[in-house]
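This report describes a pocket, the strands and the helix that contribute to its lining, and the criteria behind each assignment.

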Amino acid sequence: MNRLVAGVLASALLLVGTAPAHAQAPETETAPGSPETAVRTVYDLVSWNAGEMAEWDAVRAVFVPEAVIILRYPQGLTSFSVETFVQDFIDFAGRADVESSGFRETVVAARVWEFGDIAHVVTVYEASIPGRDRPPIRGVDSWSLTRVEDTWKVVSVVNELPGPGRDIPEALFD
């Protein structure tokens, strides 16, 4: 009986002794604590206010260097590396003159599946240019992530846009 009590007390002290280190570990934009946080960080990082621009090095840091991004544009699918993804955003900012108005991408809904060091996050997002008459555009992104040294990193993103006869599934909003 005494060994049982001593074992329980030792276990409790071990847990109490290690809890503050985990509870106080700060989350940063480039070291998120969950797959969903990592994904939401990307949306936050590629959004900016008028007169500002995204922190592109922070965007790069959320991805593994070999990540693949597949985006659907009206002309079809386009495949990007992290570098060409960042450059496409920079080019978009110049074409659409969004440096002066800002740009927003926000998560409307997210579904997360996690197993060990891999995760999958499906998001419904809205993209908009503040101050423009055009309503926000919704789309769906499918994210694959892996844990690298206790940090979730994006491995791939595939994008789909709704269209005639192709609405965003209601199940994604549950």
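## The largest pocket

The largest pocket has a volume of about 840 Å³, a pocket being an open set of points on a 1 Å grid over the protein atoms alone, where a 1.4 Å probe fits, with protein on both sides within 12 Å along at least five of seven lines. The volume is the space filled by probe spheres set on the points, which are joined across faces, edges and corners. The model is predicted, with local features needing pLDDT of at least 70 and side-chain atom pairs pLDDT 80 or more, while totals for chains, interfaces and linings use all residues. Residues are numbered from 1 along each chain, and side-chain values use heavy atoms, without hydrogens and water.

Its lining comprises 31 residues, with Y73, F92, F103, E105 and A127 nearest the centre; lining residues have an atom within 4 Å of a point. Elements giving two or more residues to this lining include α4 (82–95), β5 (118–128), β6 (137–148) and β7 (151–160), where helices (H or I, at least four residues) and strands (E, at least two) are DSSP runs numbered from the N terminus.

## Strands β5 to β7

β5 and β6 run antiparallel and are joined by 10 bridges, while 9 bridges join β6 to β7, also antiparallel; strands pair if DSSP finds at least two bridges between them. L145 in β6 is the bridge partner of A119, and L145 is itself partnered by V154 in β7.

## Helix α4

V82, F85, V86, D88, F89 and A93 of α4 are buried, meaning under 20% relative accessible area with a 1.4 Å probe, protein chains only.

Notes
Buried means under 20% relative accessible area, exposed over 50%, partly exposed in between (1.4 Å probe, protein chains only).
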